[in-house]
Every structure is written in structure tokens, then in C-alpha cells.
Amino acid sequence: MVKPVSARCNLACEYCFYARRSELYHPGPRTCMSEKVLEAMISQYLAISTEHASFSWQGGEPLLAGLDFYLRAVKLQEAHGRGHTVSNAFQTNGTLLSESWTRFFKRYKFLVGISVDGPPDIHNAYRRTRRGRPTFDRAMAGLELLKEDRVEFNVLSVVTNLSACRWEDIYRFFVDRGVRYLQFVPCRELDAAGNPAPFNVTADQYGEFLCRMFDLWREDFPNVYIRLFNSVLAARMGAAGGLCTLGPRCGEYLVVEYNGDVYPCDFFVDRGMLMGNLMESSLGRISESTPFEEFGRAKLGLPRECKDCPWLDLCYGGCRYHRPDRLHPSRTDFCASYRRFFEYSEEGYRDIERRL
């Protein structure tokens, strides 16, 4: 996962967890990964990859790096590849998309994630410009460009205190517009005093959201893909789920900041989790280092309640970022949400499995 412009963004979304990383890097209006760091990262990563290599470009807003930056990145991937299949994913707020961007994404088969929370009142509640202006129309214009140029894309929607009770409005809003690939991310952030932020979704709200959204998804299966639900189905049927939140360990990827600093997860980009800098120690060495291994194993340290839970093999304690103590064993704030969802969806999943 690459942060080519660090936390720099053209928007000021109220719930953005990565905006606080500005305290580490103080990104200015021209902050961008240098070509030297870009080439070192690509060459080092391809050197330790086998047949397939995956790059995920995120931010902040990664479009701010400019089209020439990604044209150069693709050329460097071609130059340093050794018969690899290279995939590129891109996460954007969509407000800066243009036909030049969508043609580029189409040509090089980028998978684009676009952040839209739902209908205008839901989206605009927390996703605004730095001057407080709504962003829905610009984001949807970007989504329409992706559709028109037939770029592969999915929608990322943040579940907040306002959207959690609007599951059917949100589902119909996207599906009626031809969106078939969705992922929902629960909002759980802390304010400056360390207290739950007012826009957070509660465990009860998120549990209800998952159950009701599951009913809608089940009716349309397999024509609609919702990442959590499809990942659970894959895990139930013995395949890799592809969702680290529900995986047995952390450390499935490396995060590279614009200056080459490396972290084990974008939720844990802070001073205490710095794994090194790729200009000083290669990605290969960092990925095999003791701190990175320890970070990956830390999720295995589960409380007794988790180890005795009948749903352990589908959840593995959830995301460490959602634990009250993010560095030590404890149940996540969404434990009750997942338990309710797994119990509620059991018969529905069995029906789908029988059909498959």
C-alpha cells in the first residue's frame, strides 16, 4: 500500500483517520513521493514478489500526485518486472477524476475504489471540502466517468451514526445506479481526548446494519458483491476470505509513506510502529524483520471470550484497530455486532452454500 502524497487531500472529511497522520509528516501543497523513492520501492517489491505483485495507491487523495507520476510508476513496473503479473488498485474520493484519468485506468486495468457514503444527505454529512461545502455531486460525477469508460470499480461506504439506520436507502441507491461491488467500513475513531467520536457507529447499530444489509444482499446474490459477506462465504467454503479484518493474523501488506518510511498497516502509522525506511533497509529485510513478524502474530493474542467463541474461525477477533486497547488482547468494540451477524446469517449462508 503506497501513500504517494501522504495525508494530503483536497477534502476535509470529518471522520478521516489518516488526516491525523499529518502530525507525523506535515505534508505541504507539493508533498509527493520522489522518483528515487518510487523506483526503489517498485524494484524492491518486485524483487521479493513471486508471480503476482499488487500495488494499492491510497492517500490522502492519491490523484494529487498527478497523472505523470502514475505513468512513470507503470513504466517502472514494466522495467523491473520479471514476468510478473502486476495489479494496481487505487482509492479516491472521486472529485478530481477526469477523462484523462479514466482512460489511464482503463488502459492499465487499474481497479478503482471510489468513496461514496450513499444518498446526498448521508454523503454530505461528513464528506465536505475544506470550506465546508458538500462533495456529493462531484463524487458522483467521478463515479459516472468510471462507468462511462468501463473502468473496473467498487464503492467504499463508511458506516456512521447517521447511515447505520439507512441500510435499505443506501443499498437501493447504489444498486439502482448499477453499482455491483460494495464494501462497508464501520467508523470507530477517538477524539482528541481519547473518547469515542460523535460520528461513530455503535455496536448495536452496526449489528443491525449488517443483518438487514445481509437480507438485501442475499436476495440479489450472486449479482451483488459486498466484501464482508462474500469474504465470510469464501471462508465458510474453505477458500481464502481476502479480508484482513477477519483473518487469523495481521501483517498481510506493507504501507510505504511518500518518503519511504514503512509501516505494517495504515491504521497503525505512528511513531511507535515505524518498521524502517526502504532507502536505508530494503523491503525484503523489513518484511522479514522481527518487529514486522511480531506485529503479525499479535492478533493471535486473544482474550478467553474469543477463544471460546463458536465463530472464532470466521472472525479471529476482528480488527485490532477496533479494540479498546489496540496493542493488547481485548474484544473489539464490534464483537457484539459480529456475533449477532454470524448467528443471524447462519441459515442464509447454508442456503447459499446448498445452491452453490
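The following legends describe close-up views of side-chain contacts in a predicted model.

**View 1. Edge-to-face pair of phenylalanine 173 and phenylalanine 174.** The model holds 44 aromatic pairs. In the one shown here, the ring centres of phenylalanine 173 and phenylalanine 174 are 5.2 Å apart and the planes stand at 75°, so the pair is edge-to-face. Phenylalanine 173 is buried at 7% relative accessible area, and phenylalanine 174 is buried at 1%.

**View 2. Stacked pair of tyrosine 206 and phenylalanine 209.** The ring planes of tyrosine 206 and phenylalanine 209 meet at 15°, with the centres 6.4 Å apart, so this pair is stacked. Both residues are buried. Because tyrosine 206 and phenylalanine 209 are three residues apart in helix 8 (residues 203-220), about one helical turn separates them.

**View 3. Salt bridge between arginine 166 and aspartate 121.** The closest N and O atoms of arginine 166 and aspartate 121 are 2.9 Å apart. The bridge links distant parts of the chain, 45 residues apart: arginine 166 belongs to the loop between strand 5 (153-159) and helix 7 (167-175), and aspartate 121 to helix 5 (residues 120-126). Arginine 166 is partly exposed at 22% relative accessibility, as is aspartate 121 at 47%.

**View 4. Salt-bridge network of Glu208, Arg212, Asp215 and Arg340.** Arginine 340 and glutamate 208 form a salt bridge with an N to O distance of 2.4 Å.

Technical notes. Residues are numbered from 1 along each chain as its sequence is written. This is a predicted model: local features need pLDDT of at least 70, side-chain atom pairs count only at pLDDT 80 or more; totals for chains, interfaces and linings use all residues. Side-chain values use heavy atoms; hydrogens and water are left out. Rings of Phe, Tyr and Trp (its six-membered ring) pair if their centres lie within 6.5 Å; planes under 30 degrees apart count as stacked, over 60 as edge-to-face and the rest as tilted. Buried means under 20% relative accessible area, exposed over 50%, partly exposed in between (1.4 Å probe, protein chains only). Helices (H or I, at least four residues) and strands (E, at least two) are DSSP runs, numbered from the N terminus. A salt bridge is a side-chain nitrogen of Lys or Arg within 4 Å of a carboxyl oxygen of Asp or Glu.
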